[in-house]
Every structure is written in structure tokens, then in C-alpha cells.
Amino acid sequence: MEATDHRLNYEGRIVRDWVKQDVRLNWPATRLTFRFEGRELAIAMDGQQSQFDLLIDDQLQGVIKTGQGMHTYPLLQWPTPRSVKVELVKRTETYDAMLTLDALVTDGVVSGLWQQKPHLLFVGDSISAGMGSESNKRECSWEENLNSSNARLAFPAKTAALLGATHSQVSYSGLGLLRN
């Protein structure tokens, strides 16, 4: 299924390329949501070394750490078919590159999840981007910053959830407000 398929709900700033049938993004907290019924699901993307939280039925299942270039990343695999809500949320910032979501690879059925909700736009810095939000120390190496940053836990996502709204965030770190 192509990344531009109408059943896939994106939240955040994205660019749909209808000719190539892919979706590009780079802002933290950009989210892909849909309902899935089946046994196996993967996503083909050039993740530009960013990270995503994988949530199944609103529960964190793990972190997808991507590499450079187009790869297929497994999202779930079960012995018997299940029906679940799937969310993929970009944890990290990508300063200098656009990620490309190419397609979902599945044996199952994907359906859309659409809701009418207010939408909020946040413009901010490293705090709103969630830089180091899972860290328990002040001084972090670049890798520690990357691995402890999570836009899904930052105040824009939390505020939107409390208000029952969707959100987009334009957050860019200055690397120094609180760390290093």
C-alpha cells in the first residue's frame, strides 16, 4: 500500500508526492495512524537515522531506529490475525534531511481512522521538540541526546492530548537551552 493511500492518517507537517506516491517529513512528533487487521505489517522508508515510537492500541510497543537509505522495518508479526490501531510517531528531529515513507507492506487490511477534532500548531525550540525528554542527566553525548529525545512526551503532544486535539509542531533545537 502506497504511503499516499487515503486510508493513512498523517498528523503534522508532511509533503505528499502524488507522482512517486510517497510521503516526506522531517518535523518531530509527526504521526501516522490507521487501523490494521492481519498478522504481519512492515513499513518501507528512508528514515534518515531518525527514531519512531510504535504504539499499538495506544500502548508503546517499542522504538523503530532507522538507517540511511530505503529499508523495510517490521512493525508487528503475530501467529493469528488481530485488529488493532497502529500509530508511528517521530521521536526525533531531522535538521538537514527529509525522511521518505514509501509504503506499508502487509498481509492484512488497512482502514482509516478519522476524527473531527480541533487542531493546534506549536512553534518552539528543543523543549517543545522533546530533546532529552527521557534523559536523567544534564550532560549528554550526541548519541545519548538522540536516544533520549522523544517529541511524543514533550508539552505540545501532552497539551494536545489534554485538550482532545490533534497537533502539528514546528520545533527546532538550539542545542543548549538546557543541555550541553
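Trainee: How many helices and strands does the protein chain have?
Mentor: There are 3 helices and 11 strands. Keep in mind that the model is predicted.

Trainee: What pattern do they follow along the sequence?
Mentor: Reading along the protein chain, you get β-β-β-β-β-β-β-β-β-β-α-α-α-β.

Trainee: What about the radius of gyration?
Mentor: The protein chain has 16 Å. A compact globule with 180 residues would be near 16 Å, so the two agree.

Trainee: And what does the C-alpha trace span?
Mentor: About 45 × 35 × 35 Å along the principal axes.

Trainee: Which contacts are between residues 24 or more positions apart? What share do they make up?
Mentor: They account for 72% of the contacts with a separation of 6 or more.

Trainee: Let's go inside. How much of the chain counts as buried?
Mentor: Of the 180 residues, 49% do.

Trainee: Which residues have the most contacts inside the largest nonpolar core?
Mentor: F34, I43, V86 and L88. That core has 26 residues.

Trainee: Which strands supply at least two residues each?
Mentor: β3 (22–25), β4 (31–46), β5 (51–56), β7 (70–90) and β8 (99–106). β7 gives the most, with 7 residues.

Trainee: Pick L88. What does L88 touch?
Mentor: Leave out residues up to four places away in sequence. Then L88 touches T30, R31, L32, I43, M45, F52, D53, L54, I64 and L75. I43 is also among the core residues with the most contacts.

Trainee: Where is G69?
Mentor: In the loop between β6 (59–65) and β7.

Trainee: Why does G69 count as partly exposed?
Mentor: Because its relative accessibility is 27%. Buried means under 20%, and exposed means over 50%.

Trainee: Which residues does G69 touch?
Mentor: M45, D46 and G47, not counting residues up to four places away in sequence. M45 is also touched by L88.

Trainee: How far is G69 from T100?
Mentor: Their C-alpha atoms are separated by 9.2 Å. Along the chain, G69 and T100 are 31 residues apart.

Notes. Residues are numbered from 1 along each chain as its sequence is written. This is a predicted model: local features need pLDDT of at least 70, side-chain atom pairs count only at pLDDT 80 or more; totals for chains, interfaces and linings use all residues. Side-chain values use heavy atoms; hydrogens and water are left out. Helices (H or I, at least four residues) and strands (E, at least two) are DSSP runs, numbered from the N terminus. The radius of gyration is taken over C-alpha atoms; the globule rule is 2.2 Å times the number of residues to the power 0.38. Buried means under 20% relative accessible area, exposed over 50%, partly exposed in between (1.4 Å probe, protein chains only). Contact means heavy atoms within 4.5 Å. A nonpolar core is a set of buried Ala, Val, Leu, Ile, Met, Phe, Trp, Tyr and Cys residues joined through side-chain atoms within 4.5 Å.
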